[in-house]
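Open the model in a viewer and keep the selection tool at hand. The stops below go from one selection to the next.

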Amino acid sequence: MFEDTTRMKKVKKYRSWKPLSAKDLISLMYPCLFIYWILGFFPYKLEHSRFVSSKVRFTFAVLMMILYVISLLTVIYVTNFDPVTNNAQLITYTNLFIFLDGTVIVGTYMYTGKRLIVLQSLSDVTSILTPRDFDELARFIHAKDIFGFFYLIAHLPNCFKDTTCLTLQNFSHLYITLANFYTDMFYVNCVLALKLCFKRIDVCLLRLKISPIYSDLRMQKSVYHRQKNPLLLMKLKEFEEKHLDVSDVVELLNNTFIVRIITMTVSTFIVVTFNLYSYILFSNGGGYYNAYFWYWQYISPACFYMMNFSLIIWACETATRQAQKIKTTLYDVFSDTTDPATKREVQLFSLQLLHRNNIFSAKTIDVNAGLLLRIIGGIFMYIMILFQLLLGSIECMKTT
């Protein structure tokens, strides 16, 4: 049933990477991991299909983090103590951006080891997938990772400004955006790979219904069925164990990215709200000019953050639905069986599905479509409140 399920890929040479194509998890994640290494967040090298520590890459990662911390402290000082920067709205927005998206990068660096554990655990459970599964998923994953990199790097020339402090600030903001974006893409890639694992288990359960092993389940008194039934139970237990392994990786993924999911949710709300409000003010002759690295002021960061957040929501929502679909499939396949041993194993599998619901979350925050709707509703409500306060202050100025 798992034709390539037992394919554990023992000490194989690493295949050369090809864009929009993959045969295993490593080639599937290669663009994201390569850019992650350039940014200083993946100090590991590949040896015999496994990632091991590298002194050179670890030294490079430490130097990158030291430079980043120095630049971050400089930006904080310039933002809050430079007399040239006197716009309260700009200072508030910059501080929120730095203390949310900026400081979380230090935490991301500290969680490097846990991300490696996630990657290795995911590599083990994706052994149930076929090369064709990886190849179909690679077209989407490679395209979004490569396109996102070139889209952000295209803003590099716009980082250079008249003053050194503003140039340093723009480079720091670009680095923060790149680092957080590829942390999110690493998370999305893991979620999509887990989604494929759930889909493979679901397909294999459906194949049981048309297999010769299941064809005589209704003949409970036949000797032939008693001889075949143990093989069916073995298959069912195998799927149950595979589902448990995939569920463990889901839980590990949730625990590893809990801080990033929370900060990403809050920063998306802040960035989109501030930029939309500032764009409306600036288009009507008010507000301040955004001197950051974005070419299209205000709209570009708002659209980028919202699209990134929507992509994460879509990946988690579809993966959760695929995991829940296994419950329906299990019932459809074994609803008419009266064999006591089979019914007992199905009940155990159902209890496992009930307790391991495989929801992608950050503790109390479930990453699903409901979260996206709450964020969008909160953004519009907050903008309306700000406009009401603005109109009220204008009326007060007119009366005085």
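**Stop 1**

Select Leu63, which lies in helix H2, residues 55–81. The model is a predicted one.

**Stop 2: H1 and H6**

Two packed helices are described by the angle between their axes and the distance between the axes. Select helix H1 (residues 25–38) and helix H6 (residues 131–153), whose axes cross at roughly 5° and come within 9 Å. Angles under 35 degrees count as roughly parallel, so H1 is roughly parallel to H6. To see the contact, show Leu25, Ser27, Leu28, Pro31, Cys32 and Ile35 on H1. On the H6 side, show Phe134, Leu137, Ala138, Ile141, His142, Asp145, Ile146 and Phe149. Coloured by class, the residues of this contact between H1 and H6 come out as 11 nonpolar, two polar and one charged.

**Stop 3: H10 and H11**

Move on to helix H10 (residues 299–334) and helix H11 (residues 340–355). At what angle do H10 and H11 pack? The angle is about 170°, and the axes of the two helices are 10 Å apart. H10 and H11 are therefore roughly antiparallel to each other. Display Ile326, Lys327, Leu330 and Phe334 of H10, which meet Thr342, Val346, Phe349, Ser350 and Leu353 of H11 in the contact. Here the contact residues of H10 and H11 divide into six nonpolar, two polar and one charged.

Technical notes:
Residues numbered from 1 in each chain as written. Predicted model: local features only at pLDDT ≥ 70, side-chain atom pairs only at ≥ 80, totals over all residues. Heavy atoms only, no water. Helix = DSSP H or I, 4+ residues; strand = E, 2+ residues; numbered from the N terminus. Axes fitted to C-alpha atoms, helices over the stretch in contact; angles between N-to-C directions. Parallel < 35°, antiparallel > 145°, perpendicular 65-115°, else oblique. Contact = heavy atoms within 4.5 Å. Nonpolar A, V, L, I, M, F, W, Y, C, P; charged D, E, K, R; others polar.
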